[in-house]
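Please look over the sequence and the model below before reading on. The briefing that follows takes up aromatic rings, nonpolar cores and a pocket in turn.

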Amino acid sequence: MTIPNILTLSRIALIPVMVALLWADNPTIRWWVFGLFAVIAVTDFFDGYLARALNQTSALGALMDPIADKVLVAALIVGLLARGDIARWDVACAILILAREFLVSGLREFLAQRDLHLPVTKLAKWKTTAQLVALALLILAPLAEPGQLVAISAVWWIATALTLITGFDYLRSATRHLSAGEA
């Protein structure tokens, strides 16, 4: 068990705690949820950085890191939806983001069975960053003023747009691989 793998597995273990804390109707607890989310999000950077810096990359880490990212995003979206913190038209963003994440994960698995790989693009890294920023803001949305809620919604829609763009980009790339007879 390496330090990067411990960070990744710890990240996954903390996700249910973070989501459960959303149900506390207490502004101080909301700030704790925000802080826990920030710690979880930052460990996403450090597990990869440390794996490369310490030469501790592993098959387990390569498998679990993207799963941890998807579980974090999906669990928090579901928790925020259940709490009503994502509501009205912003629910469409939640559905689109979740659909894209499942589609790309399935696409990656399908291509991997054919020894084809979709490398993570720089835009996809920005997409993840935008999603994490939007989710952090949504955690604090119950504490926000009406004008701030508009800004939070705008960031959420920007994250959704990046999510859809990268999803279509991956789909287009996979289609090129498959139509070129590589599979």
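Which residue lies over the face of Tyr170? Arg108 does, at 4.8 Å from the ring centre, where a charge sits over a ring if NZ of Lys or CZ of Arg is within 6 Å of the ring centre and within 35 degrees of the ring normal. This is a predicted model, in which local features need pLDDT of at least 70 and side-chain atom pairs count only at pLDDT 80 or more, while totals for chains, interfaces and linings use all residues. Residues are numbered from 1 along each chain as its sequence is written, and side-chain values use heavy atoms, with hydrogens and water left out.

**Aromatic rings**

- The structure holds three aromatic pairs, meaning rings of Phe, Tyr and Trp (its six-membered ring) with centres within 6.5 Å, called stacked if the planes are under 30 degrees apart, edge-to-face if over 60 and tilted for the rest.
- The ring centres of Trp31 and Phe34 are 5.7 Å apart and their planes stand at 80°, so this pair is edge-to-face.
- Trp31 and Phe34 are separated by about one helical turn because they are three residues apart in helix 2 (residues 27-53); helices are DSSP runs of H or I with at least four residues, numbered from the N terminus.
- Trp31 is partly exposed, with a relative accessible area of 49%, and Phe34 is partly exposed at 26%, given that buried means under 20%, exposed over 50% and partly exposed in between (1.4 Å probe, protein chains only).
- Phe45 and Phe46 also form an edge-to-face pair, with 5.1 Å from centre to centre and 75° between the planes, and together with Tyr49 they make up one aromatic cluster.

**Nonpolar cores**

- A nonpolar core is a set of buried Ala, Val, Leu, Ile, Met, Phe, Trp, Tyr and Cys residues joined through side-chain atoms within 4.5 Å, and in the largest one, of 31 residues, Met18, Phe37, Leu76, Ile77, Leu135 and Trp156 touch the most other members.
- The largest share of this core, seven residues, comes from helix 5.
- Met18 touches Val33, Leu36, Phe37, Ile40, Leu72 and Leu76 (heavy atoms within 4.5 Å), not counting residues up to four places away in sequence.
- Another core, of eight residues, lies apart from the largest one, and among its members are Leu111, Leu118, Ala124 and Tyr170.

**The largest pocket**

- Helix 3 gives the most to the lining of the largest pocket, with nine residues.

Terms used
Helix = DSSP H or I, 4+ residues; strand = E, 2+ residues; numbered from the N terminus.
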